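Please have the sequence and the model at hand while reading.

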There are 2 protein chains.
Amino acid sequence: MTGLQTQDSEAGVTLHDIDSAAIRIRGYAFRTPAYRAYSERDLSLKLESFQPVRSFKIRGASNKILLIPPKEREERGVITASSGNHGLAVAYVSNLLGIKATIVLPDTVIKDKLEWIQSLGARTVLYGKQQDERARKAEEIRQNEGQIFVQPFNDPEIVAGQGTCALEILEDVPDVRTIFVPIGGGGLISGIALCTKLSHKEVKVIGVQPEGSASMYESWEKGELTTIKESKTIADGLSVRRPGDITYSLVKRYVDDIVLVSDDEILSATRQLLRKEHLLAEPSGAAALAGFLKSKKTGKSVVVVSGGNISREVLAKVIAD
Amino acid sequence: MTGLQTQDSEAGVTLHDIDSAAIRIRGYAFRTPAYRAYSERDLSLKLESFQPVRSFKIRGASNKILLIPPKEREERGVITASSGNHGLAVAYVSNLLGIKATIVLPDTVIKDKLEWIQSLGARTVLYGKQQDERARKAEEIRQNEGQIFVQPFNDPEIVAGQGTCALEILEDVPDVRTIFVPIGGGGLISGIALCTKLSHKEVKVIGVQPEGSASMYESWEKGELTTIKESKTIADGLSVRRPGDITYSLVKRYVDDIVLVSDDEILSATRQLLRKEHLLAEPSGAAALAGFLKSKKTGKSVVVVSGGNISREVLAKVIAD
């Protein structure tokens with residue numbers, strides 16, 4: 001972490017927050033490798049798919065939960081409404097800490113994922129099909145039972161946790177020129193961009209978003225927080241109709257560019273990781289590679305492979321071609 | 001590595017050799033995690049499939065090559081005849097060291113693997129279909145050109161390198177009772193069993209071998225080195241017709257039991273890792289899990305997931321069911 005200067009940001013997250021998160025989350029999140037790609041020149045792959053929960057979400061979730069005073073988290077427990085990687089991360093951290101976690105899932109959740117979360121001792125509540133229905137259900141439970149809500153992205157402590165990923169990239173790939181990061185709600189890229197720009201301002205941070213779920217892209221283009229009508233993409237982990245205000249303001253301030261990619265490009269990147277690199281990535285995890293592949297290259301790049309929790313159905317699609 | 005006592009073994013490998021290998025190979029091999037399994041109780045997965053070359057072979061290959069005096073390895077280069085993970089590991093280490101590597105491959109080698117090895121700057125020679133033909137070809141080249149031959153398993157320095165895997169297991173899973181390890185030529189289990197028994201003699205080490213390639217099992221049963229007539233298994237990385245004398249003597253001395261598993265059991269274990277744990281393993285890498293699944297459990301177990309370099313064809317088989 002040599003060379004990092006602490007500096008306050010507008011959005012309430014500082015380099016110091018990221019640095020202290022890195023110490024806090026040891027023993028929860030894994031220090032993932034940045035491996036040189038075999039299939040592309042001048043590219044390293046930051047393998048968040050190697051985390052114990054197979055996604056970067058463990059960084060933010062562990063930072064957030066560890067910042068709740070022990071007595072409070074033990075008495076109240078935590079709740080979240082994410083059906084995906086964030087829910088799994090919250091269940092995992094809660095299991096290690098021995099606290100109660102409630103995860104509200106869609107009633108269409110696949111059996112493997114339900115069992116995985118339940119194997120971590122979390123209480124699961126199946127409700128509705130849409131994220132907003134689940135969020136309302138979680139809020140209703142919270143009001144009755146008093147748990148602490150763990151936001152998936154729009155929270156400075158979540159952003160600080162995700163930012164620890166950049167500390168490792170900048171240490172392990174000191175000659176990096178460009179970092180490609182997938183965008184859903186914007187938690188990961190906010191943390192990475194803030195950490196990178198406050199310490200290595202010459203390094204470019206490029207966001208990658210699916211064409212079918214370009215809510216951050218549209219907000220960034222228009223210069224204001226924008227809700228998109230529909231979000232439809234194979235990269236389910238990046239499907240968000242409206243970015244958070246905190247993550248949007250950090251992206252606006254620190255991100256150099258946002259690249260849109262199609263579902264076909266995302267599937268093809270997932271396939272390249274599987275066949276050429278022997279790495280399992282979910283489409284959201286391969287999206288940054290798709291962005292790299294359609295961008296002009298100048299010098300060394302790092303692509304964040306953000307997760308590996310691919311479903312059987314999507315994996316079959318990847319294999320099929 | 002607290003609690004390890006150095007003690008000489010019959011086969012010319014000591015705990016001290018493993019301890020010093022662990023220091024030597026830093027920067028080449030990665031310290032892989034041992035993650036708790038989600039799909040089984042009391043089981044941790046030692047993920048050698050997370051190595052930069054996606055297999056444990058990097059441990060032995062880097063230890064061996066780093067023990068060749070720099071001037072000698074730079075002048076002469078190295079050669080090997082393994083088409084698989086060992087060849088890839090030798091190419092990778094040679095690339096990092098900037099020395100010449102020659103890898104003799106079957107003329108039926110798949111294009112992805114050929115490109116991978118070539119992307120590391122290694123010279124590839126395509127020759128024959130059988131391992132013994134390739135070994136003879138490599139020996140012929142070596143006699144003409146003077147490279148140093150890097151054995152895949154029957155070499156004390158390779159065994160010491162593979163043994164570093166046990167140091168990490170014993171440190172990260174201090175309550176382990178049984179370690180399950182796949183057996184091909186026996187390099188990995190020799191190193192792991194020696195390290196384990198000389199430091200934690202109460203921990204059991206169980207070898208797992210495919211029914212169709214039970215050369216170590218038969219040698220161990222008969223009490224003498226045995227060549228099997230035919231080796232036929234989906235776990236191509238474990239296909240060896242005759243164990244080495246060094247690895248055989250270490251297995252005889254330190255391994256508690258050897259379990260045989262069928263190709264169906266291996267495929268099913270590969271499928272379980274993919275679907276339930278979201279981990280990509282090649283059949284050889286999933287074999288130890290297959291052994292665990294058919295064994296009686298007493299207390300905490302560790303299964304070594306030795307590699308993830310699965311071919312498209314086999315992956316399609318895993319998905320198909």
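Which residue is the bridge partner of Ile206(A) in E9(A)? The bridge partner is Asp257(A).

The model is predicted: local features need pLDDT of at least 70, side-chain atom pairs count only at pLDDT 80 or more, and totals for chains, interfaces and linings use all residues. Residues are numbered from 1 along each chain as its sequence is written, while chains are lettered from A and ligands numbered from 1 in the order in which they are written.

**Sheet in chain A**

- Six strands of chain A form an open sheet with mixed pairing, in the order E1-E2-E10-E7-E8-E9; strands (E, at least two residues) and helices (H or I, at least four) are DSSP runs numbered from the N terminus.
- Strand E1 (34-36) and strand E9 (257-261) of chain A are the edge strands, and each pairs on one side only; pairing requires that DSSP finds at least two bridges between two strands.
- On average, neighbouring strands of this sheet are turned by 25° against each other, direction ignored.
- Five bridges pair strand E8 (residues 204-210) of chain A with E9(A) in the parallel sense.

**Sheet in chain B**

- Strand E3 (residues 78-80) of chain B runs parallel to E6(B) and is joined to it by two bridges.
- Within E6(B), Phe149(B) is the bridge partner of Ile79(B).

**Helix packing in chain A**

- Helix H2 (residues 57-66) and helix H7 (residues 156-172) of chain A have axes that come within 7 Å and cross at roughly 135°; axes are lines fitted to C-alpha atoms, for helices over the stretch in contact, and angles run from 0 to 180 degrees between N-to-C directions.
- H2(A) is therefore oblique to H7(A), given that angles under 35 degrees count as roughly parallel, over 145 as roughly antiparallel, 65 to 115 as roughly perpendicular and the rest as oblique.
- The residues making this contact include Arg59(A) and Gly60(A) of H2(A), and Glu157(A) and Ile158(A) of H7(A); two residues are in contact if their C-beta atoms, placed from the backbone, lie within 7 Å.
- Helix H11 (residues 263-277) and helix H12 (residues 283-293) of chain A pack at an angle of about 100°, with their axes 7 Å apart.
- H11(A) and H12(A) are therefore roughly perpendicular to each other.
- Among the residues making this second contact are Leu267(A) and Leu273(A) of H11(A), together with Leu289(A) and Leu293(A) of H12(A).

- In chain B, 22 residues are in contact with 22 residues of chain A.
- Helix H5 (111-119), helix H11 (263-277) and helix H13 (312-320) of chain B each supply at least two residues of the side that touches chain A.
- H13(B) gives the most to that side, with four residues.
- The same surface serves both copies, since 100% of the contact residues of chain B recur in chain A.
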